[in-house]
Amino acid sequence: LVPLQCLFHLGTGTSLAVCQPDTCALLSEVAAMREKMAATTQTQSRLEQTLSTVMQKMATLKALKDITSADTTKMAFTAALGSPIGPFQQSTPVKYPKILSNIGSGYNPNTGIFTARVRGVYYFRYTMYNNNSGQPNSVVALMMNSQRLVHTWDTTGSDNHDSASNAAVVQLEAGESVFVQLEATRVLYDDTNNYNTFSGFLLFTL
């Protein structure tokens with residue numbers, strides 16, 4: 001009997017081989033394994049590329065999170081008036097232009113308004129000073145949005161150089177504002193000694 005011969009295709013090449021039946025089966029298995037290994041290598045390469053892309057995105061997101069966290073959870077400021085203001089015909093936010101600190105940039109000296117960057121509990125305090133013994137006197141309020149929280153009032157009398165302060169702890173949502181308001185027809189006196197100040201800081205987030 002003449003040994004049975006077979007023709008088959010090895011791997012991805014173009015050559016043909018002639019073999020005995022047992023050898024033919026073995027080489028067929030080898031060829032199939034080569035194809036599987038090639039496919040596995042391609043899959044592994046794609047997975048490695050995908051993993052690299054995911055790791056890069058995770059690093060970027062972490063960096064953005066760190067920046068955002070630093071910007072929103074560290075908020076504190078103090079600003080001073082530094083010169084007299086008033087009287088005005090209507091109640092007006094006090095613009096404290098002298099920035100002593102403004103961590104997180106929540107306070108805007110152009111408007112006198114602090115804007116919360118994150119939901120949390122905040123502490124605010126202001127001082128009021130007036131050296132006028134007659135009219136007009138000083139009346140200011142700490143405002144949250146359009147709500148009056150606390151007041152200080154300097155009544156007319158024979159004395160002068162009156163100073164007062166007040167404070168409040170309030171819960172704010174991100175975007176809500178707090179400012180000091182000088183009431184209509186009232187005045188504040190200040191000079192380089194910075195008698196009138198406005199301060200606040202974030203106690204903790206919610």
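Starting at the N terminus, the elements of the protein chain come in the order β-β-α-β-β-β-β-β-β-β-β-β-β-β. That gives one helix and 13 strands, where helices (H or I, at least four residues) and strands (E, at least two) are DSSP runs, numbered from the N terminus. Bear in mind that this is a predicted model, so to speak: local features need pLDDT of at least 70 and side-chain atom pairs count only at pLDDT 80 or more, while totals for chains, interfaces and linings use all residues. Residues are numbered from 1 along each chain as its sequence is written, and side-chain values use heavy atoms, with hydrogens and water left out.

Five strands form an open sheet in the order 5-3-13-8-11, with antiparallel pairing; two strands pair if DSSP finds at least two bridges between them. Strand 5 (98–103) and strand 11 (162–172) are at the edges with a single partner strand each, so one side of each has no neighbour in the sheet. From one strand to the next, the twist averages 10°, taken between axes that are lines fitted to C-alpha atoms, for helices over the stretch in contact, with angles running from 0 to 180 degrees between N-to-C directions.

Now follow strand 8, residues 120–130. On one side, strand 8 pairs with strand 11 in the antiparallel sense over 11 bridges. Along that pairing, Tyr 122 has Val 170 as its bridge partner, and Asn 130 stands opposite Asp 162. Strand 8 also pairs with strand 13, again antiparallel, over seven bridges, and here Phe 124 sits opposite Gly 200. Strand 8 is mostly covered, with nine of its 11 residues buried. Buried means under 20% relative accessible area, exposed over 50%, and partly exposed in between (1.4 Å probe, protein chains only).

Take Leu 172: leaving aside neighbours within four places in sequence, its contacts (heavy atoms within 4.5 Å) include Phe 114, Tyr 122, Phe 124, Met 144 and Val 178.

Some of those names return among the aromatic rings. Rings of Phe, Tyr and Trp (its six-membered ring) pair if their centres lie within 6.5 Å; planes under 30 degrees apart count as stacked, over 60 as edge-to-face and the rest as tilted. By this rule there are 13 aromatic pairs. Phe 114 and Tyr 122 have ring centres 5.6 Å apart and planes at 65°, so they are edge-to-face, and both are buried. They also belong to one aromatic cluster with Phe 77, Tyr 96, Tyr 107, Phe 124 and Phe 198.

Tyr 129 and Tyr 195 make a stacked pair, because their centres are 4.3 Å apart and their planes at 25°. Tyr 129 lies in strand 8 and Tyr 195 in the loop between strand 12 and strand 13, so the pair ties together parts 66 residues apart in sequence. Are these two buried or partly exposed? Tyr 129, at 8% relative accessibility, counts as buried, while Tyr 195, at 32%, counts as partly exposed.
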